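Here are my notes on the structure you asked about. Have the model open while you read, and take the points in order.

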Amino acid sequence: TEDIASRLKSLIMEKQSEYQYDVLDMNIVLDHVHLLLDVNPRNTGGIFRIVNNIKGYTSHILRKEFSDLRSRLPTLWTRSKFISSVDSVSLEVVKKYIEAQKTI
C-alpha cells in the first residue's frame, strides 16, 4: 500500500548515517525494492551487510506497525538480493532504469 511504501522509504532514509550508505535513488514496486546506494567499498562487512541490515530493520519495524504484514506473510523479505556495482554502466543508466520501474 502507499502507507507501507512511504514508511519503508522513511525507514531506509533514516538509517543512512548509522549503516554508512547514501541513497541515490529508490523505487518500491509491489514485490521488490530498487535501491541505488553509495557505499564506501572499505566499509566493514560491505554492501551485503548493509543490505541485510536494511532488510532486518525495515522488516522488524514494518511488521510491528502494520499488523496485516504479520498475518499475511511469514516473512517480509527473502534472503535473495541482486547487487551490482555501477562500474560497468554509467550511474545515469542505472538511475533511468530505476525511474522507469516506478509503479507506486
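1. First, the word "pocket": on a 1 Å grid over the protein atoms alone, a pocket is an open set of points where a 1.4 Å probe fits, with protein on both sides within 12 Å along at least five of seven lines. Its volume is the space filled by probe spheres set on the points, which are joined across faces, edges and corners. Here the largest pocket comes to about 1,600 Å³.

2. A quick word on the source: this is a predicted model, where local features need pLDDT of at least 70, side-chain atom pairs count only at pLDDT 80 or more, and totals for chains, interfaces and linings use all residues. Residues are numbered from 1 along each chain as its sequence is written, and side-chain values use heavy atoms, with hydrogens and water left out.

3. Who lines the largest pocket? There are 48 lining residues (an atom within 4 Å of a point), and H32, V33, H34, L35 and W77 are the closest to its centre. They split into 30 nonpolar, twelve polar and six charged; Ala, Val, Leu, Ile, Met, Phe, Trp, Tyr, Cys and Pro count as nonpolar, Asp, Glu, Lys and Arg as charged, and the others, Gly among them, as polar.

4. Helix α3 gives the largest share of that lining, seven residues. (Helices are DSSP runs of H or I, at least four residues, numbered from the N terminus.)

5. Now look at α1 against α3: the crossing is right-handed, meaning the near helix is turned clockwise from the far one by less than a right angle. The contact residues divide into eight nonpolar, one polar and three charged.

Methods:
Helices (H or I, at least four residues) and strands (E, at least two) are DSSP runs, numbered from the N terminus.
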